[in-house]
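Work through the exercises below with the model open. Try each task before reading its solution.

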Amino acid sequence: PDIILKLRINSGAAFDLSGRSGQMALLGDLLFPDPATVDFFTDEMSGKLDVSVTYDSTTITMVGKVAEFDQIVEVLRNALLATQLTPEVVTRVRDARMKIMRDSSIVPSSVADRAIAARLFGDFPYGRPAAGSPEDIARVDRADLMLARDRFLNSNNATLAIIGGVTKARAMRTV
């Protein structure tokens, strides 16, 4: 009765611009910037929506009912093709991410992890936090996000897995 759509975009935080760690994480946040969309997906469609950004990839996981398959694909399509990158939305989402980063930056284990990564990797992308730092996220502007979207959110850089009770013909027709 359930279906899982997992889209793996083969670009993650390792592709953040220098001095702008957290750029890809911010782009991941901007895929579904409206809390009403997430609430609609979880409450009305009885689904689960998760965007995860690691150093190597951005993964969107959507779980829902097979009967809602067309709507699930539509929500994913809108996120990828109509990413809201208006100045107001970018500022709102960036401020929210900076607040989260400030709140979590005082956790001793996070401080230790960042210090070890910086010591081991230096300026290499793995030496920067995948989620970013408040200072670096503040430097990410709308143009950086538009460049990242155009460069990384495309079909030849992604893999879509559909797991569940839909036939191949229906899945191909819908997608």
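This is a predicted model: local features need pLDDT of at least 70, side-chain atom pairs count only at pLDDT 80 or more; totals for chains, interfaces and linings use all residues.

**Exercise 1. A charged surface patch**

Task: Which residues gather in a patch of negative charge on the surface?

- Step 1. The patch of negative charge consists of Asp 34, Asp 39, Asp 43 and Glu 44.

**Exercise 2. A nonpolar surface patch**

Solution. 
- Step 1. Ile 116, Leu 120, Phe 121 and Phe 124 build the patch. Its area is about 420 Å².
- Step 2. Phe 124 has a relative accessibility of 45%, so it counts as partly exposed.

**Exercise 3. Aromatic pairs**

Task: How many aromatic pairs does the structure hold? Work out the geometry of Phe 15 with Phe 152, then that of Phe 124 with Tyr 126.

Solution. 
- Step 1. The count is four aromatic pairs.
- Step 2. For Phe 15 and Phe 152, the ring centres are 5.2 Å apart. The cut-off for a pair is 6.5 Å between centres, so these rings qualify.
- Step 3. Their planes meet at 55°. Stacked needs under 30 degrees and edge-to-face over 60, so this pair is tilted.
- Step 4. Phe 15 is in the loop between strand E1 (2–9) and helix H1 (23–31), while Phe 152 is in helix H7 (residues 142–152). The pair therefore ties together parts 137 residues apart in sequence.
- Step 5. Phe 15 is partly exposed at 36% relative accessible area, whereas Phe 152 is buried at 5%.
- Step 6. Now take Phe 124 and Tyr 126. The centre-to-centre distance is 5.3 Å and the angle between planes is 45°. This pair is tilted.
- Step 7. Tyr 126 has 26% relative accessibility and counts as partly exposed.
- Step 8. Phe 124 and Tyr 126 are members of one aromatic cluster, together with Tyr 55 and Phe 121.

**Exercise 4. Salt bridges**

Task: How many salt bridges are counted?

Solution. 
- Step 1. The total is eight salt bridges. Side chains of opposite charge can pair when their charged atoms come close.
- Step 2. Asp 29 is in helix H1 and Arg 97 in helix H4 (residues 87–104). The two are 68 residues apart, and the pair links distant parts of the chain.
- Step 3. Asp 29 is partly exposed at 28% relative accessibility. Arg 97 is buried, at 15%.
- Step 4. Arg 170 lies in helix H8 (residues 168–174) and Asp 70 in helix H3 (residues 69–81), so the bridge ties together parts 100 residues apart in sequence.
- Step 5. Arg 170 is partly exposed at 21% relative accessible area. Asp 70 is partly exposed at 43%.
- Step 6. Lys 99 counts as exposed at 51%, while Asp 103 counts as partly exposed at 48%.

**Exercise 5. Two loop residues**

Solution. 
- Step 1. Ser 46 is in the loop between H2 and strand E2 (48–53).
- Step 2. Ser 46 is not a glycine, yet its phi is positive, about 50°.
- Step 3. Asp 123 is in the loop between H5 and H6. Its relative accessible area is 76%, so Asp 123 is exposed.
- Step 4. The C-alpha atoms of Asp 123 and Ser 18 are 8.4 Å apart. Along the chain, these residues are 105 residues apart.

Definitions and conventions
Residues are numbered from 1 along each chain as its sequence is written. Side-chain values use heavy atoms; hydrogens and water are left out. Rings of Phe, Tyr and Trp (its six-membered ring) pair if their centres lie within 6.5 Å; planes under 30 degrees apart count as stacked, over 60 as edge-to-face and the rest as tilted. Helices (H or I, at least four residues) and strands (E, at least two) are DSSP runs, numbered from the N terminus. Buried means under 20% relative accessible area, exposed over 50%, partly exposed in between (1.4 Å probe, protein chains only). Patches are made of residues with over 30% relative accessible area and no salt bridge: like charges are joined within 9 Å, nonpolar side chains (Val, Leu, Ile, Met, Phe, Trp, Tyr) within 5 Å. Accessible areas come from the Shrake-Rupley method with a 1.4 Å probe; for residues, only the protein chains shown count as cover. A salt bridge is a side-chain nitrogen of Lys or Arg within 4 Å of a carboxyl oxygen of Asp or Glu. Lys and Arg count as positive and Asp and Glu as negative; His and the chain ends are not counted. The place of a charge is taken as NZ of Lys, CZ of Arg, CG of Asp or CD of Glu.
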